[in-house]
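Hello,

Here is the structure I promised to pass on to you. Have a look at it first, and then read on for what turned up in it.

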Amino acid sequence: MIQPENICGKCILPNGFLGVHLNDQGLCNFCTDPDHKNINWSRTEISQERRNTALEDWNLVVERMQRDHGKQPYDCVLGYSGGKDSTALLDHLVNDLNLTPLAVTSDTGFMTEIAKDNMRDTLERIEVDHIFIEDAAKTFTKLYKWHFFHHNSNETFLARYICDYCSDLIHSIVVKEAMKHRINYVLFGYSPDQIFRYFYEMPRDEVIKEWKPELLDEPVFEDFDRRWYLTDEETESENIPRVLLPYHVIPYREQDIIDLVESKNLIKKGHADPLLTNCNVVHAATFYDFNRYGGILYAYQYAELVRQNPEARKKWLRTLKISAPLILENKFKQREVNQFLEQIGVTQEELLDHIHKQLAQDPNKETIELNIGMFRKKKRSKPAIPAQ
Ligand SMILES: [Zn+2]
């Protein structure tokens, strides 16, 4: 079971967790030095000044959209996922700001039924045009498959790669749709804690240079797949929209968002839980990561929450103790994970085999195996045979 001497005394990161080492006092790098960073995690602090500037900008953008309202069919594009945040943002745009957004959804092929159900409920009550793009699912599947079999790093999690490449593709598809309609603003409902890569605005330079991955040159990818990314002609054009994340600057409280979408019947009670609308690919990547690295990407985020609120440490340690063995053995979201593995054409055993081969080459193999052993549920020992 979990050995306290292997876990940071202040947060919940274990010794040997990707890029983490405990010092003589049993504290991890992040707890010893508030400015510590590694490839997987850095604490992003946004200064009040930067926040104010961004909020002023958002107010100007709203003013401009309202002033030009009616001159074009749409004021902005909203990247719409069917989760609570993009639903609440849709409601805010339409009902508070009197704007006409075009809602755009790109189906990865792994959207949950609940997310789709939420969309039906919402679009019955909020009248907006909605574009639902299904054709890209094949490209998403190829992208996932490529990463599951080519991820070969001793430093960073598969989940990080999967999430970044997948969201770059989603963002590209939505931006392309905006360009097709000559719309100047693209909005996404990222919550204020989702600031690891972007705060308030996705810079134009990154939209152009960083979203299209080099791996598209690999032979498995075809023109069909490349067409979802911005073409050279598009990146050179003047009408690349601004891509903004309003919840980074306007008031946001998770519970208020849930109450709002439920009370307006935009989302059924209980369907706003992010665990239900979260993508299943992440659960599969988490299964991979735990078996490969003895930990998961989200642990950094939970550890940061504990640093900010030490009283929560007990709760998170308990969560870790309960969920770790389930994730390791693919018992957490098992059906969804297996469905995903089937779709990329691999069995759980084959994937584990692949993971173990990579782990065998990792210089940190011993520590990783020690951590996996610590988190794995102890098999109940057989009852002793009573002496005759
Ligand atoms: Zn720590």
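A word on contacts before anything else: two residues are in contact if their C-beta atoms, placed from the backbone, lie within 7 Å. Please also keep in mind that this is a predicted model.

With that cut-off, and leaving out residues up to four places away in sequence, Val281 touches Phe110, Tyr144, Ile162, Cys166 and Phe340. Val281 also turns up in the largest nonpolar core, which has 95 residues; Cys76, Val77 and Val281 are those with the most contacts inside it. Helix 6 (residues 158–180) provides the largest share of this core, 10 residues. Domain 1 (4–38 + 279–375) and domain 2 (49–272) both contribute residues to this core, so it lies between them.

The protein is divided into domain 1, made of 4–38 and 279–375, and domain 2, which covers 49–272. Their C-alpha centres lie 28 Å apart. Where they meet, 20 residues of domain 1 are in contact with 18 residues of domain 2. On the side of domain 1 that touches domain 2, helix 12 (280–293) and helix 15 (334–343) each supply at least two residues. Helix 12 gives the most to that side, with eight residues.

- Strand 1 (residues 76–79) and strand 2 (residues 101–106) run parallel and are joined by four bridges; Val77 stands opposite Leu102 in strand 2.
- Strand 1 also runs parallel to strand 4, with three bridges between them; here Leu78 stands opposite Leu187 in strand 4.
- Strand 4 pairs with strand 6 (residues 242–244) in the parallel sense, over three bridges; Tyr185 stands opposite Arg242 in strand 6.

What about the faces of strand 4 (residues 185–188): which residues lie on each side? Tyr185 and Leu187 are on one side, Val186 and Phe188 are on the other, and all of them are buried, so that both faces of the strand are covered.

Helix 10 (residues 254–263) gives another picture. Its buried residues are Ile257, Ile258 and Val261. They cover an arc of only 95° around the axis, which puts them on the same side of helix 10. Helix 3 (84–96) is included in what covers the buried residues of helix 10. Just after helix 10, Asn265 takes a positive phi of about 55°.

Finally, two residues that may be worth a click in your viewer.

Trp228 lies in the loop between helix 8 (223–226) and helix 9 (232–236). Is this residue, Trp228, buried or exposed? Trp228 counts as buried because it has 20 C-beta neighbours inside 10 Å, and the cut-off for a buried residue is 20 or more. Not counting residues up to four places away in sequence, Trp228 touches Ala136, Thr139, Leu169, Ser172 and Ile173. The C-alpha atoms of Trp228 and Ile131 are separated by 15 Å, with the two residues 97 places apart along the chain.

Val20 sits in the segment before helix 1 (29–32). Val20 is buried, with 23 other C-beta atoms within 10 Å. Leaving out residues up to four places away in sequence, Val20 touches Leu13, Asn15, Cys28 and Asn29. Val20 and His69 are 49 residues apart along the chain, and their C-alpha atoms are separated by 51 Å.

Happy to talk any of this over.

Best wishes

Note on methods:
Residues are numbered from 1 along each chain as its sequence is written. This is a predicted model: local features need pLDDT of at least 70, side-chain atom pairs count only at pLDDT 80 or more; totals for chains, interfaces and linings use all residues. A residue is buried if 20 or more other C-beta atoms lie within 10 Å of its own, exposed if 12 or fewer, and partly exposed in between; C-beta atoms are placed from the backbone. The arc is that of the directions from the helix axis to the C-beta atoms. Two strands pair if DSSP finds at least two bridges between them. A nonpolar core is a set of buried Ala, Val, Leu, Ile, Met, Phe, Trp, Tyr and Cys residues joined through C-beta atoms within 7 Å. Domain bounds come from an automatic or database domain assignment.
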